[in-house]
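My entries follow in the order in which I made them.

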Amino acid sequence: MSGRWKLLGAVLVAVLMAAGPAAAQQIEDELVLITPVSKFIHDAALKEFAQYAKEKWGITVKTNALAAGTPVAYGRIVEWKGKPEVDIFWGGESALFDKLAEQKLMAKLELPKEAWEAIPATIGKPKPIFLKDPKGFWVGTALEPYGLVYHPRLFQRLGIPEPKDWDDLLNPKLKGNVAQCAPTRSSSSHATYEVILQQSGDEKGWEWLKRLAANSGIFTARSRDVPSVVAKGEFAAGFAVPSYMAFEERLAGFDIKFVAPKTAWITPEPMGILAGAKHPKAARAFVEFLLTERGQRVFMERGLFPITPKYKVQGPPGSTAEMAVEFTGGVRSYFDREVTNIYDDDKAQKRYKEVNEQYRKDIEAVWEDLKKKY
Amino acid sequence: MAQTSADTVAVAAPTAGPRTSVVALLGFGFIWAFLILFLVYPLTRIFYDAFTNEAGQFTLVNFQEFFTDRFYLRSLWHSILLGVGTVVTTSVIGIVVAFLLIRYEFPFRNLFSYLTLIPIISPPLVGVLGFVFILGRAGTVNVLLMDYFDLLKPINFMYGLHGVLLVETLHLFPMITLNILDALAKVDPSLEEAAESVGARGWRKTWDITLPLTTPGYISGALLVFIWTFADFVTPLVLGVHDLLASQAYLNIVQFVDRRLFRMGIVISALLVLLAIVFLLAARHYVAIKDYSSLAYSKVERRRLGPVKRWLTVGFLGLLMFASFIPHIGVTLAAFGKGWSLTPFPVQYTLAFFERVSVETPKFILNTFLYSGLAVVVCILVGVPMAWVLARTQAPGKDLLDAMTTLILAIPGTAIGIAYIRAFHFPLPGIGVPLTSMWIILPLVLAVRRLPYTVRGSFSSLLLVHKSLEEAAGSVGATKLRTFWDVTLPLVWKGILVGSLFSFMTSIQEASATLFLTLGGWEMIPVGIFTFYIAGSQSEAAALGFILIVVAALSLLVINRVAGTRMGGMFG
């Protein structure tokens with residue numbers, strides 16, 4: 001008996017949920033994001049959403065995005081103390097979303113069950129990468145690896161083969177030609193440094209990082225600058241994330257390539273709604289929209305990979321989608337391949353400051369000496 | 001002019017004393033309220049942050065940490081070194097250019113005197129990028145050298161302190177030139193003639209007579225160059241130099257995750273302000289608002305140069321100008337070029353970037369004109385009365401008022417931006433919304449930053465109008481309004497216009513103060529440049545930079561037409 005009632009309840013809820021948006025639910029006519037995801041991606045997503053909202057509810061949504069690196073975005077949200085100037089935080093590492101949720105600065109997403117369950121809980125072995133928050137505060141929107149960008153023509157000029165793995169950056173012929181960003185300045189670079197440290201162990205890992213610094217010609221202010229200087233040919237290679245960094249350069253006509261080494265970490269580009277957001281309904285509608293096929297297509301056409309196994313990156317020859325596949329070395333979906341992940345985010349977050357501090361002391365402060373030593 | 005109307009002064013009946021003084025008092029109160037609310041209060045707020053810990057208790061630990069950290073100390077040392085280095089290089093170039101322009105006659109002299117102003121225009125960020133596009137490792141020069149002269153490794157012109165020095169020198173030497181021009185033009189030729197009559201000629205004369213007379217102008221220019229270099233964080237960051245104070249302040253603040261580093265960023269900002277005040281006090285005799293009463297410039301006899309010297313001069317100035325225009329050339333090429341990499345010049349050209357930053361997203365340009373326009377209105381509302389107080393009254397606290405306007409010139413923009421965030425992020429009583437959530441904060445901060453130019457411009461022209469002229473008009477029955485309209489305005493509008501235009505021209509280029517205060521939708525061109533650059537779209541950033549250069553160059557052209565070379569007093 002009670003089982004039946006439960007079932008009926010569940011059906012009712014499901015019906016209400018499905019009917020909700022179409023009938024009763026009206027969304028606010030404004031939506032603001034804060035995000036490290038590139039303008040190229042977030043502009044397109046917002047534009048597509050605005051059109052969707054117009055078709056669905058007849059509402060003209062005024063959308064806006066505050067572009068900020070992940071740490072800056074995080075810091076501003078903390079600074080707003082629950083009275084945020086924006087509705088949604090999007091992109092970067094999911095650990096920061098967990099931290100915000102702990103501080104009660106995130107609101108639960110409460111997405112429709114179907115959309116939620118279409119996303120696998122994790123990806124990768126031996127360390128699984130979470131694609132959605134078990135507590136329900138954030139959800140992944142798209143996948144992409146933290147890998148390497150390089151300038152093929154410059155590699156040719158230097159007479160060395162194109163890089164495939166992290167170690168290729170240590171080639172002595174690349175001396176002065178690597179661009180990098182300190183882990184204090186970029187959470188995505190930080191994650192890649194951690195991949196190295198966790199892969200080779202502390203002692204060898206730090207030695208590796210010192211050698212990399214010795215090979216570097218510049219420490220950029222932000223990780224986003226790395227693909228910019230590589231695209232221009234100022235430097236030959238460096239760490240990067242394809243969509244919100246490097247693919248855009250490719251589209252802008254620059255001759256630049258991306259490769260994800262086997263142990264490269266993959267981000268789910270998490271998205272969450274801030275507690276106290278001024279436009280919670282529009283925010284929720286936006287998150288839901290991005291998980292639909294139409295939303296996912298916005299990403300797939302721009303160098304990102306779908307968050308669910310339901311879709312694959314595909315397009316007519318010469319399309320942006322196919323360019324993206326070529327750019328990232330033939331990947332169409334991360335769900336039809338073996339994904340190796342050795343990066344332990346918990347470990348990384350716990351010693352975040354210590355790693356930064358050590359990097360600052362042992363590498364940044366003595367950079368000139370390192371260049372002479374190696 | 002003043003003498004001819006002098007005898008009417010006695011006749012002029014003093015008009016309605018008490019009422020004027022009420023109005024004057026209100027105006028005076030308004031000026032001070034504005035300055036206290038929007039300058040003094042926010043600045044005290046960052047000092048409060050610098051001297052307290054997270055719990056809000058007084059502490060000196062922050063400064064102890066700074067002065068025991070070797071990296072920070074090295075940053076301080078490098079900043080001072082760079083500042084002094086830039087003063088030396090800009091002085092050598094700036095003084096030579098000033099002497100050439102004012103003392104000698106040679107072809108294209110007028111053109112050069114306008115062109116020397118242009119380097120002051122340097123759109124934030126893309127200006128440096130422009131240098132990198134031409135002189136970087138893959139810049140035009142290196143590519144040409146490698147392709148045609150078999151150079152194996154690119155020459156490192158840019159990355160490192162020497163690159164910062166190069167950029168700052170070519171950007172800032174006009175500050176010295178303008179101040180020296182201003183001072184030189186005021187040197188009474190009779191003094192020099194007197195020197196010659198007792199046998200002092202050439203270098204001797206220059207050393208003993210001319211230089212001492214131009215010292216005040218020079219010092220104020222040099223101070224500005226020093227502080228500007230000291231506070232610039234964008235140039236070093238693009239060039240990969242992080243061990244400078246301003247860079248450290250910026251980097252520590254924009255990484256919000258580590259609260260301790262964040263506080264250190266504020267501490268360094270406070271230190272920058274503190275040091276700026278110290279330098280200002282050290283040079284206070286020279287940088288106070290100048291006595292423009294001799295604005296009627298003495299006519300200088302320009303010496304004609306012999307053919308060889310003449311063309312050497314033209315060659316030198318031409319080369320210098322060419323070097324100074326490197327950023328502008330680089331920005332222009334990048335704005336129109338597509339996929340420009342490892343070739344001397346772009347191979348493909350497009351207008352797509354302009355379309356994207358103007359037609360598709362017009363907000364950058366619209367916001368720039370709206371906010372800068374409003375800022376200029378505020379500058380005029382506050383600045384002109386301020387200039388009037390300084391020029392016409394013996395009001396108490398006048399010196400302090402003068403000191404405040406000078407202080408504004410010296411305070412790093414980032415420090416003001418941070419101060420505003422810290423000071424105005426609370427719900428305003430009655431509205432319930434913090435000032436930081438309202439776009440009006442941008443015009444306000446711009447107005448405060450650029451107020452000194454309007455004040456100085458207006459001040460100089462008010463001094464030109466002798467009071468007796470207005471009184472004469474009053475004595476023949478003209479009402480106050482009529483007097484203002486018919487007598488005062490025609491005489492002072494030029495100064496106010498030049499001052500306001502200067503405020504405008506510098507407002508549209510402001511990024512450091514607005515960067516931290518801008519919320520989505522409020523982006524002006526400079527912040528737009530940052531946004532595009534952060535998003536990795538250097539070409540769009542360059543397109544915005546190009547628009548900025550054009551608008552600023554037009555403003556300067558008008559300023560130059562109206563004011564001639566007498567702009568030096570604006571800066572120092």
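**Entry 1, Glu110(A).** I looked up Glu110(A) and found 11 C-beta neighbours inside 10 Å. The model I am reading is predicted. A residue counts as exposed if 12 or fewer other C-beta atoms lie within 10 Å of its own, so Glu110(A) counts as exposed. Its place is the loop between S4 and helix H5 (113-117) of chain A. I also noted a positive phi of about 50 degrees for Glu110(A), which is not a glycine.

Next I asked where Lys104(A) is placed. I found Lys104(A) in the loop between helix H4 (94-102) and strand S4 (106-107) of chain A. Lys104(A) is not a glycine, yet has a positive phi of about 60 degrees. Is Lys104(A) buried or exposed? I wrote down exposed, because 10 other C-beta atoms lie within 10 Å of Lys104(A).

I then checked the peptide bond that runs from Lys125(A) to Pro126(A). I recorded this bond as cis, its omega being near -5 degrees. Pro126(A) belongs to strand S6 (residues 125-126) of chain A.

To describe two packed helices, I need the angle between their axes and the distance between the axes. I took helix H7 (residues 187-200) and helix H8 (residues 202-215), both of chain A. Their axes come within 6 Å and cross at roughly 140 degrees. H7(A) and H8(A) are therefore oblique to each other, since only angles over 145 count as roughly antiparallel. I noted the crossing of H7(A) past H8(A) as right-handed.

Which residues meet here, from H7(A) and from H8(A)? On the H7(A) side I listed Tyr193(A), Ile196(A), Leu197(A) and Ser200(A). On the H8(A) side I listed Asp202(A), Lys204(A), Gly205(A), Trp208(A) and Leu209(A). I sorted the residues of this contact into 5 nonpolar, 2 polar and 2 charged.

Last, I asked how many residues of chain B are in contact with chain A. I wrote down 32 residues of chain B, in contact with 42 residues of chain A. Which helices of chain B each supply at least two residues of the side that touches chain A? I noted helix H4 (70-103), helix H12 (245-254), helix H24 (525-534) and helix H25 (538-563). By type, the residues on this side of chain B are 13 nonpolar, 15 polar and 4 charged.

How values were computed:
Residues numbered from 1 in each chain as written. Chains lettered and ligands numbered in written order. Predicted model: local features only at pLDDT ≥ 70, side-chain atom pairs only at ≥ 80, totals over all residues. Contact = placed C-beta atoms within 7 Å. Helix = DSSP H or I, 4+ residues; strand = E, 2+ residues; numbered from the N terminus. Nonpolar A, V, L, I, M, F, W, Y, C, P; charged D, E, K, R; others polar. Buried ≥ 20, exposed ≤ 12 C-beta atoms within 10 Å, placed from the backbone. Axes fitted to C-alpha atoms, helices over the stretch in contact; angles between N-to-C directions. Parallel < 35°, antiparallel > 145°, perpendicular 65-115°, else oblique. Left-handed = near helix turned anticlockwise from the far one by under 90°.
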